[in-house]
Amino acid sequence: SEVGRQPFAKPATCRFGGRSDYCDIEGDVRVDPGSATVYQVLHPSSDFIAKSTAAEKYQINNNNNISSPPPAVIKPYPRNGDEAAMGQIREWTVKLVPADHPGLPLCSSHRVHHDDSSPALVFSLGAYFGNYFHAFTDVLVSLFVTARPFDRRLHLLVTNGHHLQVAKFATMWQALSRYEVIDIDKVQPDGKALCFSRVILGLKGRDGKELSINTSETQYTMKDFKHFLRSAYSLNKTTAIKLQTEDDKTTTLVPRLLIISRERTRTFTNTEEIMTMARDLGYQVTVTELDSNVSRSARLANRADVMMGIHGAGLTNMVFLPEDAVVIQVVPFAVDWFATNYFGEPSKGMEVRYLEYKIEREESSLVKQYPPDDVVFTDPSSFRWEEFSPIYMLNQNVTLNVTRFRPVLLEALELLHQ
């Protein structure tokens, strides 16, 4: 049925460059799942033909014939420049066509609430989305920036989606849209299109930095994103514990330390020893692997006053920490750049205090695998990523020197006094 259709309003607004491309398309907009095409339909009655000064751009003559501009091609995953990632993303085409265009699909009523005021947003859950860190830094932060202004009156259309990944972040989708998520790749190709009065293809707000927002494109900040998550996941703790001074003994407060464990790579080999030392300092200690259950991970992180872990995706859960909490990143040998850019720098916009502990060579399991004068120790930067990752990321564990690490936990306690 042809419902909720609006005449062509204005040319699509497309932006290319930076980490993400996107188009904002209004009027009679039809999303064809089969061909991965978004049609913007120009009707003869459109005010655009009669009034718009932009009409010349589209070469519209007195007979209402149209010579369309070249189609725009977009991969709606905000990681431009990463060929490995973008090579996995389905390509979508935006075309401006007249209403009598041969092959223009009619509108289907498939699963769409016919509400003229509710546009659609098309974005990808492909490439690295299966990695917890990349799910947030590549997609979820930018999704918040793009979708939040619509106050849940927005249809979410995902491409390259896997049902497990869609289900994993169900709470996020529900907080951003009042409608059921549509896996656009799985819509039956019946020759009809999903039709809207506005479609946004791609995500806005992706910064060149990780876990951050390009504030030149939006009024939102990472602080706003954290507040959104706190509301979406019903997290009750807004601020970390404030410890009393030595002179104030009226209340006994015990800070909670969350130690993120890892089972496969970059693991602590002496977790019990770390726990004992932390308890001796007065911490209530929880050790857990923050897994694919996002709601559980969010609750555990939100209860913590201090969260520590070896560099890895689990530290992404600092987005759920309460204000003024402390995050401690344990940096394995040769992983400094990743530690700084993935978590160190981003922490500055998240209302948390950041501490870093760089391990000594003797704390790395690499000392048992390579001789002291091996290039693994003398020149880590000489390795290409394909060589670097198996050595330093996938086959390095940490035996923390608790005596050397103890001052870091003491510093965290001092920060909780401030």
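Predicted model: local features only at pLDDT ≥ 70, side-chain atom pairs only at ≥ 80, totals over all residues.
Ser-20 sits in the loop that links β1 (13–15) and β2 (22–32). Ser-20 has a relative accessibility of 1%. The cut-off for a buried residue is under 20%, so Ser-20 counts as buried. Its surroundings can be listed. Leaving aside residues up to four places away in sequence, Ser-20 touches Arg-15, Pro-78, Asn-80, Leu-203 and Arg-206. Leu-203 also takes part through its backbone. Its backbone oxygen lies 3.1 Å from a polar atom of the Ser-20 side chain.

Step back to the whole chain. It has 418 residues, and buried residues make up 53% of them. Its secondary structure comes to 12 helices and 15 strands. The accessible surface is about 18,700 Å². Carbon and sulfur atoms hold 47% of that surface.

Next, the helix α6, which spans residues 222–232. Its buried residues are Met-222, Phe-225, Lys-226, Phe-228, Leu-229 and Arg-230. The spacing of such positions can be read against helix geometry. An α-helix has 3.6 residues a turn, so residues three or four places apart point the same way. What do the buried residues of α6 pack against? They pack against α3 (132–147) and α5 (170–176). After α6 comes Ser-234, with a positive phi near 50°.

Five strands form it, in the order β12-β11-β13-β14-β15. The sheet is open, and its pairing is parallel. Its edge strands are β12 (284–288) and β15 (353–358), and each of them pairs on one side only. From one strand to the next, the twist averages 20°.

Follow β13 through its two pairings. On one side, β11 and β13 pair in the parallel sense over four bridges. Here Leu-257 stands opposite Val-306 in β13. Five bridges join β13 (residues 306–310) to β14 (residues 326–331), and these two strands also run parallel. Val-306 has Val-326 as its bridge partner in β14. Met-307 stands opposite Val-327 of β14.

Is β13 enclosed or open to the outside? Five of its five residues are buried, so the strand is largely enclosed by the rest of the structure. Both of its faces are covered. One side carries Val-306, Met-308 and Ile-310, and the other carries Met-307 and Gly-309. All of these are buried.

Helix α12 (residues 402–417) lies across β11 (256–260), β13, β14 and β15. It runs at about 175° to β15. Then move to β14, which is joined to β13 by five bridges. Finish at β15, an edge strand of the sheet.

Technical notes. Residues numbered from 1 in each chain as written. Heavy atoms only, no water. Pairing = 2+ DSSP bridges. Axes fitted to C-alpha atoms, helices over the stretch in contact; angles between N-to-C directions. Contact = heavy atoms within 4.5 Å. Buried < 20%, exposed > 50% of the residue type's maximum accessible area, 1.4 Å probe, protein only. Polar contact = N/O pair within 3.5 Å; in protein donor to acceptor, adjacent residues only side chain to side chain. Areas by Shrake-Rupley, 256 points an atom, 1.4 Å probe, with all protein chains shown as cover.
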